[in-house]
Amino acid sequence: SHNNWLDFFHSDAERRDFLSSGAAAGLAAAFGAPIGGVLFSLEEASTFWNSMTTWRALLCTTMATFVLTLLHTGGTLGAPGAVIGLVAYFIAFMIETIWAARLGLLNLDLPLAARVVLYVASGTASALVAGLLVVFIAPAASGAGVAMVMSNLNGLNVPSLMEVRTLIVKTVGTFLGVASGMPIGPEGPLVHIGAAIASFFTRQHIFKIRLFGREIVLY
């Protein structure tokens, strides 16, 4: 076996701490509140907590908020928190883009009834696609996901909850659902998305290459 910086993820306690930090970062990215994300994870999502988890979660939430703010205002990036910030920005960007496209339908040179029908149809199609993705590709991506993340952190095995497929469908379904005009928001789903991204980082992916006659192991 190879000793590397991911070895500690073999510990269930470390995996749990990482998921707690990911959930905190998701909420922080949704509201722009790094401390609020830590407090949410402490009070609602996690059963086990210590000072080390606090600092890890705070670092993760701060990075997520920092990256999201930089992308909105312009700047450079700097780990799970950064990736969660990027995904949160992508979701916000897609929601704004789809909303702008739907509102543009109301300004077309068509009769009012036709414009209204197109506007309603676009929202219905967006919601329908989001629903079909969940039903046929990743049922574990249904709902906000906060309760399922809390259950997972408290020892309940929820099948497929943290799979990459679920993460992708959750991300796409979130911006399609919000942009459809339904009375929902990205805050809850971002908790699930943050935890899923953190879970992805805890899985070792070993790639070996040979360079100049030496074997190099990439993780």
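**Note on the predicted model**

1. G185 is located in the loop that joins helix 7 to helix 8 (187–202); helices (H or I, at least four residues) and strands (E, at least two) are DSSP runs numbered from the N terminus. With a relative accessibility of 26%, G185 counts as partly exposed; the classes are buried (under 20% relative accessible area), exposed (over 50%) and partly exposed (in between), with a 1.4 Å probe and protein chains only. G185 and A144 lie 41 residues apart along the chain, and their C-alpha atoms are separated by 9.0 Å.

2. Residues are numbered from 1 along each chain as its sequence is written, and side-chain values use heavy atoms, with hydrogens and water left out.

3. The chain contains eight helices and two strands. Read from the N terminus, the order of elements is α-α-α-α-α-α-α-α-β-β. Of its 219 residues, 39% count as buried. The accessible surface of the chain (Shrake-Rupley method, 1.4 Å probe; for residues, only the protein chains shown count as cover) is about 11700 Å², and carbon and sulfur atoms account for 69% of that area.

4. Helix 1 (residues 12–31) and helix 6 (residues 146–153) have axes that come within 10 Å and cross at roughly 160°; axes are lines fitted to C-alpha atoms, for helices over the stretch in contact, and angles run from 0 to 180 degrees between N-to-C directions. Helix 1 is therefore roughly antiparallel (an angle over 145 degrees) to helix 6. The crossing of helix 1 past helix 6 is left-handed, that is, the near helix is turned anticlockwise from the far one by less than a right angle.

5. Helix 5 and helix 7 pack with their axes 8 Å apart, at an angle of about 160°. Helix 5 is therefore roughly antiparallel to helix 7, and helix 5 passes helix 7 in a left-handed crossing. T124 sits in helix 5 and is partly exposed, at 48% relative accessibility. From T124 to G181 the C-alpha to C-alpha distance is 8.7 Å, against a sequence separation of 57 residues.

6. Where does F136 lie, and is it buried or exposed? F136 belongs to helix 5 (residues 112–136) and is exposed, with a relative accessible area of 67%. Together with L128, L132, V135 and I137, F136 makes a nonpolar surface patch of about 520 Å². Such a patch takes residues with over 30% relative accessible area and no salt bridge, nonpolar side chains (Val, Leu, Ile, Met, Phe, Trp, Tyr) being joined within 5 Å and like charges within 9 Å.

7. How many salt bridges does the structure hold? There is one, with the term requiring a side-chain nitrogen of Lys or Arg within 4 Å of a carboxyl oxygen of Asp or Glu. The partners are E163 and R165, whose closest N and O atoms are 3.4 Å apart. E163 is partly exposed at 33% relative accessibility, and R165 is partly exposed with a relative accessible area of 44%.

8. One backbone feature remains. S160 is not a glycine, yet its phi is positive, at about 65°. S160 occurs in the loop between helix 6 and helix 7 (164–179), and its relative accessibility of 28% places S160 among the partly exposed residues.

Technical notes. This is a predicted model: local features need pLDDT of at least 70, side-chain atom pairs count only at pLDDT 80 or more; totals for chains, interfaces and linings use all residues. Angles under 35 degrees count as roughly parallel, over 145 as roughly antiparallel, 65 to 115 as roughly perpendicular and the rest as oblique.
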